[in-house]
Amino acid sequence: MRQNGLPPEKSPAPEPGHRRHRRAAGQIVQRTWGRLTLRVRVAAFISLVVGLTVAITSLAVWLTARVQYYDNFDDTLVGRARALLQTPAADPTQVVRFPEGTFAAAGTRLAIVYADGTPFSSKGPDDQPPVGQPEIAVALGASDFSLRTARTIDGEQFRVVAIPSERGSEPRTAFVLAQTTKDIDRTLRSLATALLVIGGVGIGLAAYAGVYVARQGLRPVSQLTEAAEHVARTGDLRRIEIHGNDELARLGTSFNEMLTAVERSRELQRRLVGDAGHELRTPLTSLRTNLDLLAQAEGRAGLSDQDRSELLDDVRAQVEELTGLVGDLVELSRDDVDRFEGRELDMAEILGTAVERARRRAPTVDFDVTLRPWTVFGDARALERAVLNLLDNAGKWSPPGGTVTVRLTDGVITVADQGPGIAEGDLPFIFDRFYRAEESRNMPGSGLGLAIVRQAAERHGGSVTADKAPGGGALLTLRLPHSSSVTHTEL
């Protein structure tokens, strides 16, 4: 039925039945193959490939041998027929009268075929060679030669050759020589049996080799699976033994490296809990004590205004310390943020603001500052937090009356203090998360400040290093690229 002048829609033609059956069979095979284990599939695949190779090779050998046997057999048969006719004293009508095997091999049959198709032989009808149209054609002169395979009445197979045998004025005839192929067939059957046996043994060995190769080759995968299940079940990060240097060995090495990273992460988490607990215990205890004192003194005259003010200042300081610790943890939690909204910033201005804040936090330390303009592209809050952590770290370690030297030249920020410096063993780790040197465990801080510095530097395409200052103390260097050398989309 037409609607709006459009031709009627045609329903899709039904799918032919053989396609549905073929697709259903393919789905069944796919599901069955998918249920097999990888080891079984590898073994089956190897066995199939080797089996096909053995079968094709055996068939090629048998066909080649058959062609060679029959070619040699035919050449010999034709040569014998010609030799018999070329014998000077041999009359074809007499040759056929000789006993079997006189001029040719055993199992041969001889005959003369006249132009009318009549065969002549001294043997009985059961011992005559097969005669048909090809032999009659040779006798009539329509063909100069014929060679074919034929069967007798009793079913025996012969190779039959017919060649002209005219002599002088005698009527044209064809000399027919036939020889049974049972010896060749017997040899070919023996060869086929031998090839089947050898092929069967080869396929069996291939199946065994496939299972062995699959078991040995996939052993690292099994070990990896067991190790992963063991980790998921017990939480024990036990490594697996690695042998060799192939792809599976590399997979095992990667797995061990992953376990090492997980173990290190656990250790960092435990260190974080320990450090955070240590840092939180003192201010929380002091904060609770001060609040208890304020609560007990509420409405009483035993607490002077000065004491009350000092307690409140102490409470504020402890709250600020707790706020700083929480801020450090929140800052580090932003490590997975690969991109942020940045803009061009004057690093000298950011560093100058951070220095003023650091002076208020460390009033007993002098800051020697020299800044040159340097434009960066990035996050002002993250950069200010990073340089402030560098300054706070220097102020914390500098003795009263000491000097912190701050320089900004061509994107290189150096902060040097006059403290005890950094031990050689601690230099590779001071920028790691949650790392605290033994000397700093009893000092304020969470061990997260320098980790925040490295995170900000890397996010802005820069780097941070630590060394010893020329005059003693620590020297921390932060390098930031110019905004002109940074692709904004990278941030």
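1. A salt bridge is a side-chain nitrogen of Lys or Arg within 4 Å of a carboxyl oxygen of Asp or Glu. The model discussed here is predicted.

2. The structure holds 8 salt bridges. Another of them joins the side chains of Arg159 and Asp74, at 2.5 Å from N to O. This pair links distant parts of the chain, 85 residues apart: Arg159 is in strand β4 (residues 157-164), and Asp74 is in helix α2 (residues 38-85). Are these two residues buried or exposed? Arg159 is buried, and Asp74 is buried too.

3. Glu135 and Arg148 also form a salt bridge, and their closest N and O atoms are 2.9 Å apart. Glu135 is part of helix α4 (residues 133-140), while Arg148 is part of strand β3 (residues 146-151), so the pair connects parts that are 13 residues apart in sequence. Glu135 counts as buried because its relative accessibility is 0%.

4. The next point is helix packing. The axes of helix α10 (residues 380-397) and helix α11 (residues 449-459) come within 9 Å and cross at roughly 140°. That angle makes α10 oblique to α11. An angle has to be over 145 degrees to count as roughly antiparallel, and the crossing is at roughly 140°. The crossing of α10 and α11 is left-handed.

5. Which residues of α10 and α11 make the contact? On the α10 side they are Ala382, Arg385, Ala386, Asn389, Leu390 and Asn393. On the α11 side they are Gly449, Leu450, Ile452, Val453 and Ala456. Sorted by class, the contact of α10 with α11 has 7 nonpolar, 3 polar and 1 charged residues. When checking this count, note that Gly is placed among the polar residues, and that Gly449 of α11 is one of the residues in the contact. Arg counts as charged, and Arg385 of α10 takes part in the contact.

Notes. Residues are numbered from 1 along each chain as its sequence is written. This is a predicted model: local features need pLDDT of at least 70, side-chain atom pairs count only at pLDDT 80 or more; totals for chains, interfaces and linings use all residues. Side-chain values use heavy atoms; hydrogens and water are left out. Axes are lines fitted to C-alpha atoms, for helices over the stretch in contact, and angles run from 0 to 180 degrees between N-to-C directions. Helices (H or I, at least four residues) and strands (E, at least two) are DSSP runs, numbered from the N terminus. Angles under 35 degrees count as roughly parallel, over 145 as roughly antiparallel, 65 to 115 as roughly perpendicular and the rest as oblique. A crossing is left-handed if the near helix is turned anticlockwise from the far one by less than a right angle, and right-handed if clockwise. Contact means heavy atoms within 4.5 Å. Buried means under 20% relative accessible area, exposed over 50%, partly exposed in between (1.4 Å probe, protein chains only).
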